[in-house]
Amino acid sequence: MTEFKSDFLRTLKERGFIHQISDESGLDDLFAKETVTAYIGFDPTAPSLHAGGLIQIMMLHWMQKTGHRPISLMGGGTGMVGDPSFKDDARQLMTIDTIESNIASIKRVFANYLSYGEGPKDAMMINNGDWLREINYLEFLRDVGRHFSVNRMLSFDSVKTRLDREQSLSFLEFNYMILQAYDFVELNKRYDCRLQMGGSDQWGNIVNGIDLGHRMGTPQLYALTSPLLTTASGAKMGKSLNGAVWLNPDMLSAYDFWQYWRNTEDADVSRFLKLYTTLPMDEIARLSALAGSELNEVKKILATEVTAMLHGRENAEQAAETARKTFEEGALADNLPSIDVPAAELDAGIGLLALIVKAGLAASNGEARRHVQGGAVRINDAAISDERKVIGSGEITADGVIKLSLGKKKHILIRRAA
């Protein structure tokens, strides 16, 4: 195994971030002798990134922490095309207004991990729409397109996967890898960016950019990818039973985010402490050696540390305390997630299945019915087996709420709105 000289690559290696590097010794030398600028691209396909993208954000965080300059590149231009990498179908095309709205929403998360500014080591937030939307098509074909071999592009795994399944790959999507390669060259020209990082599914696209840079006269460019993560049981990172684990607080509360990490599988705890927290490695080694009931305490530390980076230390500790009161004391914590139900609706009565769906604990009445039949649903801590039960104002407790629970760990407070 390579022993790195530079703090950045040494940190990434010991914490498990590295899957592939295009030229290990060359990149290590670069990081050891100068301040390096590197970027990761983020597609604005939704108003928020989810927890699956946290590994990329943490790579940028460690880059700045070790004295270098990270660029978070927003795909305001490439988002108009869509990355086809390992997708079964073409992405739905978005309007410019939707793309810009999503970028504005996504940006809010990054300030929790990176320090932006004008200094030589301050992070930069760049939008590739600044240059891609102004491209003259004929000039682009002549100056950039001539450097690409269709034969080589067809050999990339991301393209072959679609073609092997006999799924359509549009010319629009085929152009995405050309635009991404051009981004790397443009960022080098504008900001002396020497490294592109991303998930391992981006390797072909990044190497494309290195090759284009070589043909267009840039200095040597580099690629670094992280492993594509799944949980120990094979689930995709950033996905929960209730859908995506969003990073924006208006799409997922600090409490629900904390719960996602508290429910980490035993086999993943050590790996996630390295990837998603900034705890020192010796402390992680100590925590990783714990087992049995102590492992549950380590999971709480993991959840609190990850949540603190995103939502702030106070909100993370409040989430931990809410969970403690709810699960260990059986108390009703005021800051559990809640929904407001109109008074008229509660007074008339609302079906249990409809209420479960309304609270976000199931996606459909059918799923809610299965939860009830499985004995997982409780109202005010009393198990409910009648799927036709109607919930009304009579269930409101002295605390002024109805506590709806799914299993032991999901609780929603139903409040009577005026």
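Two strands pair if DSSP finds at least two bridges between them; strands (E, at least two residues) and helices (H or I, at least four) are DSSP runs, numbered from the N terminus. This is a predicted model, in which local features need pLDDT of at least 70 and side-chain atom pairs count only at pLDDT 80 or more, whereas totals for chains, interfaces and linings use all residues. Residues are numbered from 1 along each chain as its sequence is written, and side-chain values use heavy atoms, with hydrogens and water left out.

**Strand S6 and its partners**

Strand S6 (residues 222-226) has two partners, tabulated below.

| Partner of S6 | Bridges | Direction | Facing residues |
|---|---|---|---|
| S1 (residues 20-21) | two | antiparallel | glutamine 20 and threonine 225 |

**Nonpolar cores**

A nonpolar core is a set of buried Ala, Val, Leu, Ile, Met, Phe, Trp, Tyr and Cys residues joined through side-chain atoms within 4.5 Å. The largest holds 67 residues, of which Met197, Trp261 and Tyr276 touch the most other members. Helix H3 (residues 54-65) contributes the most to this core, with eight residues. A second, separate core of 31 residues includes Phe148, Ile178, Cys193 and Ile206.

Beyond four places in sequence, methionine 197 has contacts (heavy atoms within 4.5 Å) that include Phe8, Met59, Ile206 and Leu224.

Methods. Buried means under 20% relative accessible area, exposed over 50%, partly exposed in between (1.4 Å probe, protein chains only).
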